[in-house]
Amino acid sequence: MEKIKITINGREIFAESEKSLLEIAAENGIEIPNLCYNKKLKPFGACGLCVVEAKGAQKLLRACSTFPKDGMVIKTESERIKKARKFALELIMSDHTGDCKGPCSLNCPAHTDVQGYLKQISLGNYSKAVEIIKEKIPLPASVGRICPHPCETNCRRKFVEEPLSIAYLKAFAADKDLSSNAPFVPKKAEPTGKKVSVIGGGPAGLTAAYYLCLSGHEVTVFDSMPEMGGMLRYGIPEYRLPKKVLEKEISFIKNLGVLMKNNLSIGKDISFDEIRKNSDAVLIAVGAWKAGKIGCVGEELSGVISGIEFLREVNSGKIPEIGKNVAVVGGGNTAMDACRTAIRCGAENVYVIYRRTRAEAPAEDSEIEEAIEEGVTFRFLTNPAEIIGENGKVKAVKLQIMELGEADSSGRRKPVPVEGKFETIAVDTVISAIGQKFDAVGFDSVELTSRGTISAGKNDCRTNLEGVFAAGDSTNKGASIAIEAIAEANLAAKAIDAYLSDIPFDFFEPYYSKKSVSEKDFSETPKIPREKMTFRNPEERKGNFDEVILGFTEEQAKKEAKRCLECGCHDFKDCRLIRYANLRQIEPEKFKGEKHRAFSERKLVSIERDQGKCILCNLCVRTCGEEAKKGILGLVGRGFETVIKPEFIDPAVTDFCRNCKKCAEVCPTGALKIFEK
Amino acid sequence: MKIVIGEGSCGIAAGALKVHKAIENALGDDCKIKIGKTGCVGMCFLEPVVDIYEDKKLIRRLVKVSEKDAENIVFAAKTGDFSKIEYLEISSEDEEFLNRQTRIALRHCGTIDPTSLEEYKASGGYKAIEKVVLKMTPEEVIEEIKTSGLCGRGGAGFPTWYKWNAARQSKMEGKKYLICNADEGDPGAFMDRAIIESDPHCLIEGMLIGAYAIGASEMIVYVRAEYPLAIKRLENAIKQAEKAGILGENIFGSDFSCRMKIKAGAGAFVCGEETALIESLEGKRGMPRLKPPFPAQRGYFGEPSNINNVETFANVAWIIENGGAKFAELGTENSKGTKVFALTGKVKRSGLVEVPMGKTLREVIFEIGGGIRGGKDIKAVQLGGPSGGCIPKKLLDTVIDYKALSETGAIMGSGGMVVMDESACMVGMAKFFLDFTAAESCGKCVQCRIGTKRMQEILTKITKGEGEEGDIELLEELCEGVKEGALCGLGQTAPNPVLTTLKYFRKEYEEHIFEHRCGAKECSAMLRYEINPEKCRGCTICAKNCPAKAISGEVKKAHVIDKNLCIKCGACSKVCRFGAVEIF
């Protein structure tokens, strides 16, 4: 074959004249993006991504079909090329419903690959499942028990009958893995010699420590409490998260080589500056341990205690004197933990004072249900007007009766007092569970937000101090759920690792093509009820802190995991379209307009086709014609209406198809899927 | 004396066949007076046209003839007394339509019988091919075409000699093809159809010369199936030529052999693009191929092929006969010879117009077309159909020249020339063409398939009064991207109607978007119909004709339109005899 000299991006290359520029570039390690090209097939030129500039040529050339001429000077990157590629991608995306990731994963703050681990659980591969989970969550047995699971809330199975029991399946897999003979052990990089100090041993701190340790850094976690775990240990009651489960997961991290130092309060036992001086990077992940105020008369009385403090006491093994009658103020999960813990501490009458109704309460509904089962009395639409004391001690609480008024900016209806309507209930203790705040003592040099939290970069977790990062409840918007803190810690670990390696880091939320669905889309999906979780009965659980749930049997867990609809695109990991879309930072919504309807049809012998994902690259059509020598598929219609046909269901066609599945194999966007019968 | 009826498709549509029959009946068996037919002379606005010849000389041209005029025509022909048909004679003003043209491609249109080989030969036909095969080398033919400066008349305007030469050089042995693109798809364009219907032998001769030049042994005419008469007349001409030894083996006794066939296309606009045309010829879906390889290298079934448009071929025999230099005398520095236009729209005289390059648009529209009908002012002229653009009134002195027209943002195109008066909405105009290209895109490349769709959606939005700030910029971005990235000429030129209207009529877009107003009152969604109570006489005719029952009022009292019910169809305004329905 004739060899000729061409120049690509300033490099002189000897190329075979029979090969396209795309092939020549690829052979020389120069990637030219493309979606409709396949080495085995004739060039087609539909996607227009492979455009390059040739010196002297007015138009951009499609590299897939341009053959070299001696002395040709080619550029594969330039502003003009970038613009043309971005334009093509934006157009493709405007008519592509990729359904890249399932709503479970998209709604998980840590973007855990839920579909991936559910699949492994359904197959009984628990260690493999844990490996997938631990890409994002190093404490799955703990988190799986306590997470308010936005994944489940958004699970599309709810349009069929009920969402999957995702959170608990995670805990199930982790329990199985931890108790197995060969639990999953992550790979650890070679030591880097860099020291990272993590202040705070809660979910955020432990998560960051785990990933930083795996990256080869020397990590020390400092914590002011006697044991590690943070709010997971001192905020969550034993009956929801047994300490031994948490301890197992913490020792796993410790065994990887993370140093853990307890009973060290910043500013008291050790100064922040000292930690900084001895570290290459610092992560502040101390959480939000200061309680919010009720803001009524009598708050200073003895017998008024914060929920955080109360739970910490109990979780430290003490049983505080709370008397027989207890009022818990608040409607969140801390309030639920407090009221149910109060019952377990021997209180006979426990009232939850909440100014809105059950529907608005931020607590999990199942938590409210379980509290009611255990005998807690809910006083919705009431608000403490005054805490009445006697001899400096709480005697009663005067409640203002409320009603719901206009909706506020968050869309929730605002509670307003009903004038002159009050009620007084006799109580011995008032537990205020309204809000948590970061305590800035000891962190004087760190810049705070107007809310009093640490100001940390949204895309890099950086604080105002060089080499100091922050994540979790102590930062920005303040306290939230554990999985949020874990997600931030994931980001912080990446940012710190990049910082220590002197690599610029600026995270941007990747773009995913999303699909919206409704019940109608699942009208034909067979109904499989959600596996019932067994609980200890309310009477049995009242007097002790034993775990309330009894868990799934292995059979149940597998069955439950199999209910997964596998919403996320099966081709996501190999999808060049989404990769390019994110590389180029396109604006996928720019050219929004009519889209092809996304629906799956199972017609050709063993192929399922989704029109919404098809980008008309014609690889399937050409493969069927040129490779499989069948020519069953073809384009029908014109303009935007063009689709790939023929109707698979026609027996004359399906008979002709020899079921080689080559069409599905070449599909770059997951529009064709081989289905298992 | 001979009575000749113009029987092109348009003449037939206007009743030419009935006129023919009526004249035949009126003649009875008088054999002194002959009756004949011819093709289309190009005066659409005067069809049916009947010509009376004496000694092969045109002595009377009768226009807008109907069956009932037959007796009078026959009487005049028999007696030589034309007084009874004076009312049918073409006015001297309308004669200007033809007098001001220079006809080369259309030289036989409307003057000879397209079904008669003899008539074609009698008018000098097939002399050029005879000369070519007997006395010229292919190189000499190409040289002559080069001297003439003839460029492709299908739209792109590529030098014909260059393409021929490339195909000639491509390979010396083996099969080559010469293909005629008669897939005339631009809305409003009918030059090619008229040529084939009126002078099919001229196409055969032009093609034969081309085939000889490049060394092709087979010729294919790709013609739209929607042109049945053209196909029929061309089939007939091919048979006649074969019989006469003009097509087939050893043409005129030379060693040049060439056959010809017709392929009817199913009507996809994109098949006018040469590589898509080849795909379609091969029996595949009409989609453009990637270039290179160009058809001259690898075309029909992989063999070197040359494709030219009908009008291009129609010039070839004339050039050989009269010399390339004579052809090159006509026109401008960059553009030689003549160009045929299908002049339509709001002009007084519409039809086929052939003028030398270098004439101004104003001359064509006002001197040949007679200016605007209905007393309004001209606003713009659209050239080149869906691939072309709108040229505003202020640029009417632009000359017909490939380069000069391109500089305005429009293109010479295949010859569509639509004249618009003040009542035309330019956004609506752009939308009309984008509706067309979006629907006709073959769907292969992303830029054209989705890009034209998005442009069409935005234009639809704007004409509905739902435009938003940023729409113009988005349109511009789409135009630029589609132009840059589309695979074939169809896509690359699809943004032109939008780009030119944005360039010259941006204010109209802004009016639509920001003031929700269509100045031309064409975008019905933005109109408001009201009855002026001063003018309304209460005749109730509007209420009776309103399909939405939106008009109410008592007899002899002013009526009112319910805005919520009004569907803005304009029926009331059309039926009102007092001009009481006002449109805002």
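Strand β9 (residues 338-345) of chain B is joined by 6 bridges to β10(B), and the two run antiparallel. Strands count as paired if DSSP finds at least two bridges between them. Strands (E, at least two residues) and helices (H or I, at least four residues) are DSSP runs, numbered from the N terminus. The model is predicted: local features need pLDDT of at least 70, side-chain atom pairs count only at pLDDT 80 or more, and totals for chains, interfaces and linings use all residues. Residues are numbered from 1 along each chain as its sequence is written, while chains are lettered from A and ligands numbered from 1 in the order in which they are written.

The domain bounds come from an automatic or database domain assignment. Chain B is divided into domain 1 (2-90), domain 2 (117-327), domain 3 (338-421), domain 4 (426-514) and domain 5 (528-583). The C-alpha centres of domain 1 and domain 5 of chain B are 47 Å apart. In chain A the assignment gives domain 1 (3-77), domain 2 (195-289 + 438-500), domain 3 (292-436) and domain 4 (596-674). Here 51 Å separate the C-alpha centres of domain 2 and domain 4 of chain A.

In chain B, α19 (residues 471-485) packs against α21 (residues 496-514) at an angle of about 160 degrees, with the axes 11 Å apart. Axes are lines fitted to C-alpha atoms, for helices over the stretch in contact, and angles run from 0 to 180 degrees between N-to-C directions. The two helices, α19(B) and α21(B), are therefore roughly antiparallel. Angles over 145 degrees count as such, those under 35 as roughly parallel, 65 to 115 as roughly perpendicular and the rest as oblique. Their crossing is right-handed. A crossing has this hand if the near helix is turned clockwise from the far one by less than a right angle, and is left-handed if anticlockwise. Among the contact residues are B:Leu475 and B:Cys479 of α19(B) and B:Leu502 and B:Tyr509 of α21(B). Contact requires C-beta atoms, placed from the backbone, within 7 Å. The contact comprises 8 nonpolar, no polar and 2 charged residues. Ala, Val, Leu, Ile, Met, Phe, Trp, Tyr, Cys and Pro count as nonpolar, Asp, Glu, Lys and Arg as charged, and the others, Gly among them, as polar.

In chain A, α14 (residues 333-344) and α15 (residues 365-373) pack at about 20 degrees, with axes 10 Å apart. That makes α14(A) roughly parallel to α15(A). The crossing of α14(A) and α15(A) is left-handed. A:Asn333, A:Met336, A:Cys339 and A:Arg340 of α14(A) meet A:Glu367, A:Ile368 and A:Ala371 of α15(A). These residues divide into 4 nonpolar, 1 polar and 2 charged.

The contact between the chains takes 27 residues from chain A and 23 from chain B. On the chain A side, α2 (79-94) and β25 (634-636) each give two or more residues. The most come from α2(A), with 6 residues.

Two cis peptide bonds were examined in chain B. The bond from B:Glu47 to B:Pro48 is cis, with omega near -10 degrees. B:Pro48 is in the loop between β2 (34-38) and β3 (50-54) of chain B. The bond from B:Pro292 to B:Pro293 is also cis, with omega near 0 degrees.

Notes:
Two residues are in contact if their C-beta atoms, placed from the backbone, lie within 7 Å.
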